[in-house]
Amino acid sequence: MSAYDPKKIEPKWQKEWEQAGLYHAEDSSSKPKYYTLIEFPYPSGDGLHVGHPRPYIGLDIVSRKRRMEGFNVLYPIGWDAFGLPTENYALKTGKDPRIVTKENTDTFRRQIQSLGISFDWSREINTTDPEYYKWTQWLFLKFLERGLAYKAKMPINWCPKDKIGLANEEVVDGKCERCGTEVEKRERKQWMLAITKYADRLADDLDTVDYPERVKIQQRNWIGRSEGALIKFDDIEIFTTRPDTIRGATFIVMSGKEDKFTGRYVINPATREKIPVWEAEYVMADYGTGAIMGVPADDERDRIFAEKHHLPIVENYTKAEFEDYGKKVAKYKLRDWVFSRQRYWGEPIPVVHCGKCGIVPVPESELPVKLPEIKNYQPTETGESPLANISGWVNTICPKCGGKAKRETDVMPNWAGSSWYFYRYCDPHNDKQFASLEKLKYWMTPVRQSGGGVDWYNGGMEHTVLHLLYSRFWNKFLFDLGLVPTSEPYKKRTSHGLILAEGGEKMSKSKGNVINPDSIVERFGADTLRVYEMFMGPFEQAIAWSESSLVGPRRFLEKVWKLAGKGQTLNIDSQGLTLMHQTIKKVSEDIEAMRFNTAVSTLMIFVNELDKREEISQKEFEILLLLLAPFAPHITEELWSTLGVSQNSIHTEKWPKYDESKLIADEVTIVIQVNGKVRGKFVASANITKEKIIKAAQEVPEIQKWLVDKNIKKSICVPGKLVNFVTS
Ligand code: ANZ
Ligand code: ZN
């Protein structure tokens, strides 16, 4: 038999699978459907690094197992390609961002395809494709039509270095998430999306989905719902979650830039006392009513403020009944979503400004509003988009009155295209609709379990309050319009850990520690890379790359390869049978729980056991290949094709089932020691008693020489495993 050579077999099978359309999802089928989704990548100029494929391989294993279980599986991929890195690169090099995007996606596609992931490439999408962003613009117009997209003068987060307005979510500790520059506040008219209208449902409906608990907690905290009361102190209305403390309120504080007494007094409606009105920075302008009652006895910040400014503190006062003050209201930390960016490489917001008619939506028949091809991407100092300089594009005709009008020059944030991409995969070539309801119903509504949406969505923890919340919001809005079939977009969400560089640092181009999968595939093969990435540690945890550890998985696959050349027997002994069924059970369950690392080690144990034998049965070898197929699709396909049991691809064969009655061994091997040293072994029935073990072990021929002329002082027995004779 020839040596294992992944370079020979991997490209061959990849080509064959693609030609046969093996992973193409059918839009209707007698099989139940299953929709697996990974977060589509941003095609950066650095190319793929070894961290990218970790989630792709994880869900590839799930997808492949589902196909073998008889599901019609949709496992798609595309490119989330608008955004700053490409624009900044275009700025630096003078290259058209379209060309840059094309080059980058070509590289990413080639690299991902070399890993043998079972994506349905016929459904590939790209958010920068006008045929795609036409529908992003169309969906925006729906928000506008329903009054959920609006323009407002907002103090926005402004990054003076990137010269761009940032969403709250893009500001980390007061600094720009992209470049680390201190963020400034600027007033500007911005497009907003009214996500706060959905705050309650976004929080409540978390109870209906299968997400990791910490993801739910993070989303709930981000939404930040508090139940409290609005109470009027004369004409000043305050928000409190503790109306029962009103008798302890000795001052009012309104939001302001510095601590200062306003000179005013108001009456506390509970005590009828005159209390002073102050201003301070610790009261946020855009939370609650922007004013609070100061209760220094019960609130820490109020106490500090009172002590600093010598305001009265009433320690013992009678608590009021909650019900006495006002009706209950809910306040939220969540803010409406700043939905415009003053940059070039994004979806143009499809409206025009007309002197007579005001804001006029671009008619559907004129979509997409295409980005003009321009030479200069430089953002303007005034904070306007580079599009504002393209007078031929900006000046247009009002669709309503036919008069002169100007196009909106803001573009959408790069969260727009990813807020709905999972619908487009269901119907990627539709030129009449963003996706037909019929196809969405097929792919997104439940077949077997309750709840609907994408069956299994895996992505990074860093997207919990950004993409994951935004897309839930879009989904709820579109659900209310009857355009999508489920009230939640994703039924189940899981997360993977990052792959770090060898030293445990984050991989980054600037640190020069990025590992490119190409060189790994070249030296070890894609199957080894796949098995290694699944074996390296628990899937949800971050873990450092280790080049030297790749040989383990490679040797494991070589062993599998060599098993094909072993002598064959028709019989499986009872212990072999037990191990086989235990392996099926463990690997099946581990995949469902994303315990890919222990699934691989279970397969390794199985292989080591088979490797020890002179002969193995065809059945055991078949089962091994079937269980290994999702992890190492090429080597298993190659060996399967030479077995001659079937003409089909291994990836369309049935996933093995275990037999409950075979899980417990009816025979065991008992090791015999004399004075602590292993001297032999024998096979016995699994329920053999201690007494019988001791007796039978002494009769084993190779043991007798160790016991001749010796007195057995003591026999130590571990039932089912071992017996040790201590002699004098
Ligand atoms: C009186 C009081 C007594 C309060 C007490 C708390 C404890 P959460 O849970 O975050 O909603 N508050 C209201 N509006 C505020 C604003 N714009 N900026 C800063 N603080 C504000 O907190 C609600 C509580 O935070 C409110 O209840 C109010 O203080 C304060 F023993 O009122 B409390
Ligand atoms: Zn007009």
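User: How are the donor residues of the zinc ion (ligand 2) spaced in sequence?

Analyst: A donor here is an N, O or S atom within 2.8 Å of the metal (3.2 Å for Na, K and Ca), and since water is not among the atoms, sites may look incomplete. For the zinc ion (ligand 2) the spacing reads C-x2-C-x40-C-x2-C. One pair links distant parts of the chain: Cys354 sits in strand 18 (residues 351-354), and Cys398, 44 residues apart from it, is in the loop between strand 20 (395-397) and strand 21 (404-407). Strands (E, at least two residues) and helices (H or I, at least four) are DSSP runs numbered from the N terminus.

A quick word on the ground rules. This is a predicted model, where local features need pLDDT of at least 70, side-chain atom pairs count only at pLDDT 80 or more, and totals for chains, interfaces and linings use all residues. Residues are numbered from 1 along each chain as its sequence is written, chains are lettered from A and ligands numbered from 1 in the order written, and side-chain values use heavy atoms, leaving out hydrogens and water.

User: Which atoms are the protein donors of the zinc ion (ligand 2), and what is the geometry of the site?

Analyst: Four donors count as tetrahedral if all angles lie between 85 and 135 degrees. Here the SG atoms of Cys354, Cys357, Cys398 and Cys401 lie 2.2 to 2.4 Å from the zinc. The angles among those four donor atoms run from 104 to 114 degrees, so the site is tetrahedral.

User: Is Cys354 buried or exposed? And Cys398?

Analyst: Buried means under 20% relative accessible area and exposed over 50%, with partly exposed in between (1.4 Å probe, protein chains only). Cys354 is buried at 7%, and Cys398 is buried at 2%. Across the chain, buried residues make up 54% of the 728 residues.

User: What does Gly78 touch?

Analyst: Contact means heavy atoms within 4.5 Å. Leaving out residues up to four places away in sequence, Gly78 touches Phe40, Pro41, Ile125 and Tyr425. Gly78 is found in strand 3 (residues 78-79) and is buried, with a relative accessible area of 0%.

User: How many helices and strands does the chain have, and what share of its contacts join residues at least 24 apart?

Analyst: There are 21 helices and 31 strands. Taking contacts between residues at least 6 apart in sequence, 73% join residues at least 24 apart. The C-alpha atoms fill a box of roughly 110 × 70 × 50 Å along the principal axes.

Definitions and conventions. Four donors count as tetrahedral if all angles lie between 85 and 135 degrees; four count as square planar and six as octahedral if opposite donors are over 155 degrees apart and all others between 65 and 115; anything else is irregular.
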